[in-house]
Amino acid sequence: MKLLEERIRKDGVILDGGNVLKVDAFLNHQMDVALFGAMADEWKRLFADEKITKILTIEASGIGMACIAAERFGVPVIFAKKSKTRNLSGEFYTTKVESFTHGTVNDVIVSKRFLGPEDRVLIIDDFLANGAALEGLIDLVHQAGATVAGAGIAIEKAFQPGGGRIRAAGVRVESLARIASMTEDGITFC
Ligand code: 5GP
């Protein structure tokens, strides 16, 4: 998606020798809601025939864009919560997700009240890197007996392995900007 690629070139900051892209000026700290609207329109176009019943994301940075997408699809949005409670009763689906940015492992939960076998779920997230966040969300959908209709990702770092592995597992992944390579001198999109 040209608009997102141009914005990444203009306001993205490349860190950690080309491993991390900082997009806090428009995506995950200060948020450009008009840009989110254009992204949501694109996901709606791509997944128009999928009969989506729920949008699922993970806290925190996916929530804003997932809300705008949910409005476009006319369905509820759920964000999986990072739980600090150890002894969870049987009322949650739970999985573990290693954080790309912090290196820590979080228990991530969704209430069983909000996902079930009748659901066709579109997963939305801001980044796809090693794939841990997306695989955790896919696991939660499968635990519910629901269907993963696909994943809408804002920015995929295609030089990291998550996207390849998850597509090979049969999940439709639509990333609006796919970065082929990144150095502190610049970005190449796929
Ligand atoms: P993964 O689980 O695919 O390795 O990483 C996905 C999660 O890590 C995303 O939800 C995002 O919050 C974070 N993340 C991964 N790579 C980047 C990056 O380059 N920049 C930022 N800001 N967040 C990232």
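Reply: The account below begins with the salt bridges and then turns to the cysteines, the cores and the ligand.

The model is a predicted one, in which local features need pLDDT of at least 70, side-chain atom pairs count only at pLDDT 80 or more, and totals for chains, interfaces and linings use all residues. Residues are numbered from 1 along each chain as its sequence is written, and side-chain values use heavy atoms, with hydrogens and water left out.

Side chains of opposite charge can pair when their charged atoms come close. A salt bridge is taken here as a side-chain nitrogen of Lys or Arg within 4 Å of a carboxyl oxygen of Asp or Glu.

Helices (H or I, at least four residues) and strands (E, at least two) are DSSP runs, numbered from the N terminus. Arg120 has 27% relative accessibility and therefore counts as partly exposed; buried means under 20% relative accessible area, exposed over 50%, and partly exposed in between (1.4 Å probe, protein chains only).

Glu50 also forms a salt bridge with Arg172, where the closest N and O atoms are 3.6 Å apart. Here 122 residues separate the partners, since Arg172 sits in the loop between α5 (162–168) and β9, while Glu50 is in the loop between α2 and β3. Arg172, with a relative accessible area of 30%, is partly exposed.

A further salt bridge pairs Arg178 with Glu156 at 3.2 Å, N to O. It links strand β9, which holds Arg178, to strand β8, which holds Glu156, 22 residues apart. Arg178 counts as partly exposed at 31% relative accessibility, whereas Glu156 counts as buried at 2%.

The cysteines come next. A disulfide is a covalent bond between the sulfur atoms of two cysteines. With a disulfide defined as a pair of cysteine sulfur atoms within 2.5 Å, the structure holds zero disulfides. Cys67 is partly exposed, at a relative accessible area of 37%, and Cys190 is exposed, at 57%.

A nonpolar core is a set of buried Ala, Val, Leu, Ile, Met, Phe, Trp, Tyr and Cys residues joined through side-chain atoms within 4.5 Å. The largest such core has 34 residues, and Leu4, Leu21, Met39 and Ile155 touch the most other members. At least two residues of this core come from each of several elements, including α1 (2–11), α2 (33–46), β7 (120–128), β8 (147–157) and β9 (173–183). The largest share, six residues, is supplied by α3. Leaving aside residues up to four places away in sequence, Met39 touches Met1, Leu4, Leu27, Met65, Ala154 and Leu176, contact meaning heavy atoms within 4.5 Å. Apart from this core lies another of 25 residues, among them Tyr93, Ala144, Ala146 and Ala151.

Leu21 leads on to the ligand. There, 17 residues surround the ligand, the closest being Leu21, Ala129, Asn130, Gly131 and Lys157, where a residue is near if one of its heavy atoms lies within 4 Å. A backbone N or O atom of Leu21 is 2.7 Å from a nitrogen atom of the ligand. For Ala129, a backbone N or O atom lies 2.8 Å from a ligand oxygen atom.

Definitions and conventions: Polar contact = N/O pair within 3.5 Å; in protein donor to acceptor, adjacent residues only side chain to side chain.
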